[in-house]
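Hi there,

Here is the structure I promised to pass on. Please have a look at it first, and then read on for my notes.

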Amino acid sequence: MIDDDDVLLARALREKRTPMPDIVKKLTIKTGKNAGRHPSVASLYRALADNDA
């Protein structure tokens, strides 16, 4: 699960034209069975799209 702080960071990095794979490497999932791992690029795109809606 990507939390709101990670979405804000991703959005800020995206505005600086940072490539999405590089953004994903800076994020870490904090809860759940995948805690400590990086989210997938697809998950980050979905989180950004959900946050826009």
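Before the rest, a word on how to read the values. This is a predicted model, in which local features need pLDDT of at least 70 and side-chain atom pairs count only at pLDDT 80 or more, while totals for chains, interfaces and linings use all residues. Residues are numbered from 1 along each chain as its sequence is written, and side-chain values use heavy atoms, with hydrogens and water left out.

**Overall picture**

The protein has 3 helices and 0 strands, in the order α-α-α along the sequence. Helices (H or I, at least four residues) and strands (E, at least two) are DSSP runs, numbered from the N terminus. The C-alpha atoms fill a box of roughly 30 × 25 × 20 Å along the principal axes. A compact globule of 53 residues would have a radius of gyration near 10 Å, and the protein agrees, with 10 Å; this radius is taken over C-alpha atoms, and the globule rule is 2.2 Å times the number of residues to the power 0.38.

Of the contacts with a separation of 6 or more, 40% are accounted for by residues 24 or more positions apart. Buried residues make up 28% of the 53 residues; buried means under 20% relative accessible area, exposed over 50%, and partly exposed in between (1.4 Å probe, protein chains only). The accessible surface comes to about 3900 Å², and 52% of that belongs to carbon and sulfur atoms (Shrake-Rupley method with a 1.4 Å probe; for residues, only the protein chains shown count as cover).

**The core**

In soluble globular proteins, nonpolar side chains tend to be buried together. Here the largest nonpolar core has 11 residues, among them Ile2, Val7, Met20, Ile23, Leu44 and Leu48. Such a core is a set of buried Ala, Val, Leu, Ile, Met, Phe, Trp, Tyr and Cys residues joined through side-chain atoms within 4.5 Å. Helix H1 (4–15), helix H2 (20–26) and helix H3 (41–52) are the elements that give two or more residues to this core.

Methionine 20 sits in helix H2 and counts as buried, at 3% relative accessibility. Leucine 13, another core member, touches Thr18, Ile23 and Lys26, leaving out residues up to four places away in sequence.

**Some individual residues**

Aspartate 6 belongs to helix H1 and counts as buried, with 8% relative accessibility. Beyond its neighbours within four places in sequence, aspartate 6 is in contact with Leu27, Thr28 and Lys30.

Alanine 12 is also in helix H1, but is partly exposed, with a relative accessible area of 35%.

Arginine 17 lies in the loop between H1 and H2 and counts as exposed, at 75% relative accessibility. Most residues other than glycine have a negative phi.

Best wishes

Technical notes. Contact = heavy atoms within 4.5 Å.
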